[in-house]
Amino acid sequence: MTQPGDDEAAARFAAIEQQFVAGLPRRLQEIDAAPDAQARYAALHRLAGAAGAFGHARLGELARQAMGTDAAADATLQVLREEISRLVDARPG
Amino acid sequence: MNVSGQPGVELSEVDGLKRVMCVEDDADIRLVLEFSLARLGGYEVCVCASGLEALERAPAFAPELVLLDVMMPGMTGPQTLERLRELPVMQGVPVVFLTAKAMQRDMEDILQHGATGVIVKPFDPVTLPKDILVYWEHGRGR
């Protein structure tokens, strides 16, 4: 494993994570434009898996909760939008 | 998340596992897998975006362990595993499914497809290089 204080590894991961955050609006568009429930589920599923791997547990959990087809899932989707906006706005630079 | 890792030498040098193939349709997760297994774990990694790509690249790469996403468009993880098993180079190679928490209930069904194990997403990129070793050892009957 990498030695402690490996700044290069930390910087590389931060760059990948920023790339993920920059792509969140595109993921949201994909969810909104999904032609059917199955496609929407798949897009949310991918977001949930990716968010967790980048340490965005809340985003991942919201995506999982929005996978349903009931009113609660639709309400969660709105919270998910707000969380994505927050993350995108908080990007450095 | 501390991605600077823990002290120690590269896992691939100690445990003998060298080549890991990852099959994942999400581009961001592919980047994390490559970072985790190649950069932190020191493995030789072949990252594929689809089951079809994995089938094409497996003979030349000769993976010693495969991480395979379950839910992919086109060829699913279980369908990919079935086809991979037809390749001579894949005989006896441990295959571990990557699946989301929401699909844990389907785990028994997933394992019936002949996978060695299941890693639930989200995985921790820092611990993943070590986490996969248990499946590699299990697959080799150690």
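In which helix of chain A does Leu87(A) lie? In this predicted model, Leu87(A) belongs to helix H5 of chain A, which spans residues 71–89; helices (H or I, at least four residues) and strands (E, at least two) are DSSP runs, numbered from the N terminus. With a relative accessibility of 10%, Leu87(A) counts as buried, where buried means under 20% relative accessible area, exposed over 50% and partly exposed in between (1.4 Å probe, protein chains only). Leaving aside residues up to four places away in sequence, Leu87(A) touches Val21(A), Leu24(A), His56(A) and Leu59(A), a contact being heavy atoms within 4.5 Å. The C-alpha atom of Arg40(A), 47 residues from Leu87(A) along the chain, is separated from that of Leu87(A) by 21 Å.

Residues are numbered from 1 along each chain as its sequence is written, while chains are lettered from A and ligands numbered from 1 in the order in which they are written. As the model is predicted, local features need pLDDT of at least 70, side-chain atom pairs count only at pLDDT 80 or more, and totals for chains, interfaces and linings use all residues; side-chain values use heavy atoms, with hydrogens and water left out.

The predictor gives the complex an ipTM of 0.84 and a pTM of 0.86. For chain B, the average pLDDT (the predictor's confidence in each residue, from 0 to 100) is 86, and 84% of the residues score at least 70. Residues 5–9 of chain B have a pLDDT below 50, and this stretch makes twelve contacts in the model beyond near neighbours in sequence.

Chain B holds seven helices and five strands, arranged along the sequence as α-β-α-β-α-β-α-β-α-β-α-α. Of its 142 residues, 51% count as buried. Among the contacts in chain B with a separation of 6 or more, 65% come from residues 24 or more positions apart.

Helix H4 of chain B (residues 77–84) has Gly77(B), Pro78(B), Thr80(B), Leu81(B) and Leu84(B) as buried residues. Viewed down the axis of H4(B), these fall within an arc of 160 degrees, so they line one face of the helix; the arc is that of the directions from the helix axis to the C-beta atoms. Their cover includes H3, E3 and strand E4 (95–100) of chain B. Strand E4 of chain B is also the place of Thr99(B), which is buried at 1% relative accessibility. Beyond residues up to four places away in sequence, Thr99(B) touches Val70(B), Ile110(B), Val118(B), Ile119(B), Val120(B) and Lys121(B).

Most residues other than glycine have a negative phi, and most peptide bonds are trans. Ala62(B), not a glycine, has a positive phi of about 50 degrees and sits in the loop between helix H3 (51–61) and strand E3 (65–69) of chain B. Lys121(B) and Pro122(B) are joined by a cis peptide bond, with omega about 5 degrees; Pro122(B) is found in the loop between strand E5 (117–121) and helix H6 (128–131) of chain B.

Finally, the cysteines. With a disulfide taken as a pair of cysteine sulfur atoms within 2.5 Å, the count over all chains comes to zero. Cys46(B) is in no disulfide, and its nearest cysteine sulfur, that of Cys48(B), is 3.9 Å away, too far for a bond. Cys46(B) is buried at 2% relative accessibility, and Cys48(B) is buried with a relative accessible area of 0%.
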